[in-house]
Amino acid sequence: MENDRKQGNHLSRSLKNRHIQFLALGGVIGVGLFYGASQAVKMAGPGVLAAYIAAGLVVAIVMRALGEMTVEKPVAGSFSKYAHDLFGERMGFVSGGMWWFLWVATVMSELAAIGKLVQFWFPHFPAWIPGFLALILFTVSNLGLAE
């Protein structure tokens, strides 16, 4: 510890409020994932665990490959730029379009979930209003118009 101070490494053992909040958020997310996995195992059997492991391995391999491509050839843009450069214009377009569709579908399902969540507390409130307000909030925050 004394040696670290002499070398200029000034680490301290302190937790701020934001650290506690992120620990709590990570705990909630982890519990949600484990609870969801337990429900899937209960419904479908232990084969779900093999599917999770296989999917995790595929994701790890893909992320490792993307990391190596990024180190080898850093480019501005996303992974669809690598698909364009390595496999041609069509594959770049397809991978970019699939990524766009994935996020459109994800955001729309999240907006529907927000509406249903608000309806849980306010049953007579139309579900489309909170979803629409969240869409506006997401759009403004991503366009940088809130500054």
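This is a predicted model: local features need pLDDT of at least 70, side-chain atom pairs count only at pLDDT 80 or more; totals for chains, interfaces and linings use all residues.

User: How is the packing of two helices described, and at what angle do H2 and H3 pack?

Analyst: Two packed helices are described by the angle between their axes and the distance between the axes. Helices here are DSSP runs (H or I, at least four residues), numbered from the N terminus. Axes are lines fitted to C-alpha atoms, for helices over the stretch in contact, and angles run from 0 to 180 degrees between N-to-C directions. Helix H2 (residues 17–44) packs against H3 at about 130 degrees, and their axes are 8 Å apart. H2 is therefore oblique to H3; angles under 35 degrees count as roughly parallel, over 145 as roughly antiparallel, 65 to 115 as roughly perpendicular and the rest as oblique.

User: Which residues make the contact of H2 and H3?

Analyst: Contact means heavy atoms within 4.5 Å. H2 contributes Ala-37, Ala-40, Val-41 and Ala-44, while H3 contributes Val-48, Leu-49 and Tyr-52. By class, this contact of H2 with H3 has seven nonpolar, no polar and no charged residues. In that scheme Ala, Val, Leu, Ile, Met, Phe, Trp, Tyr, Cys and Pro count as nonpolar, Asp, Glu, Lys and Arg as charged, and the others, Gly among them, as polar.

User: At roughly what angle do the axes of H5 and H6 cross?

Analyst: The axes of H5 and helix H6 (residues 128–143) cross at roughly 135 degrees and come within 8 Å. H5 is thus oblique to H6. The crossing of H5 past H6 is right-handed; a crossing is left-handed if the near helix is turned anticlockwise from the far one by less than a right angle, and right-handed if clockwise. On the H5 side, Val-107, Met-108, Leu-111, Ile-114, Gly-115 and Val-118 meet Pro-130, Gly-131, Ala-134, Leu-135 and Phe-138 of H6. The residues of this contact of H5 with H6 comprise nine nonpolar, two polar and no charged.

User: What is a salt bridge, and how many are counted?

Analyst: Side chains of opposite charge can pair when their charged atoms come close. The rule used is a side-chain nitrogen of Lys or Arg within 4 Å of a carboxyl oxygen of Asp or Glu. By this rule there are three salt bridges. One of them joins the side chains of Arg-64 and Glu-68, at 2.9 Å from N to O. Arg-64 and Glu-68 are four residues apart in helix H3 (residues 47–72), so about one helical turn separates them. Arg-64 counts as exposed because its relative accessibility is 58%, whereas Glu-68, at 48%, is partly exposed. The cut-offs are under 20% relative accessible area for buried, over 50% for exposed and in between for partly exposed (1.4 Å probe, protein chains only).

User: Which residues are linked in a network of salt bridges?

Analyst: The network links Lys-73, Lys-81 and Asp-85. Asp-85 and Lys-73 meet through their side chains, at 2.9 Å from N to O. This pair links distant parts of the chain, 12 residues apart: Asp-85 is in helix H4 (residues 79–87), and Lys-73 is in the loop between H3 and H4. Lys-81 also forms a salt bridge with Asp-85, with the closest N and O atoms 3.3 Å apart. Lys-81 and Asp-85 are four residues apart in H4, so they are separated by about one helical turn. Asp-85 is partly exposed at 33%, Lys-73 is partly exposed at 41%, and Lys-81 is partly exposed at 32%.

User: Is Ser-95 buried or exposed, and which residues does Ser-95 contact?

Analyst: Ser-95, in helix H5 (residues 89–121), counts as buried because its relative accessibility is 15%. Leaving aside neighbours within four places in sequence, Ser-95 is in contact with Phe-79, Ser-80 and Ala-83. Ser-80 lies in H4 and counts as buried at 18%. Not counting residues up to four places away in sequence, Ser-80 touches Gly-92, Ser-95 and Gly-96.

Methods. Residues are numbered from 1 along each chain as its sequence is written. Side-chain values use heavy atoms; hydrogens and water are left out.
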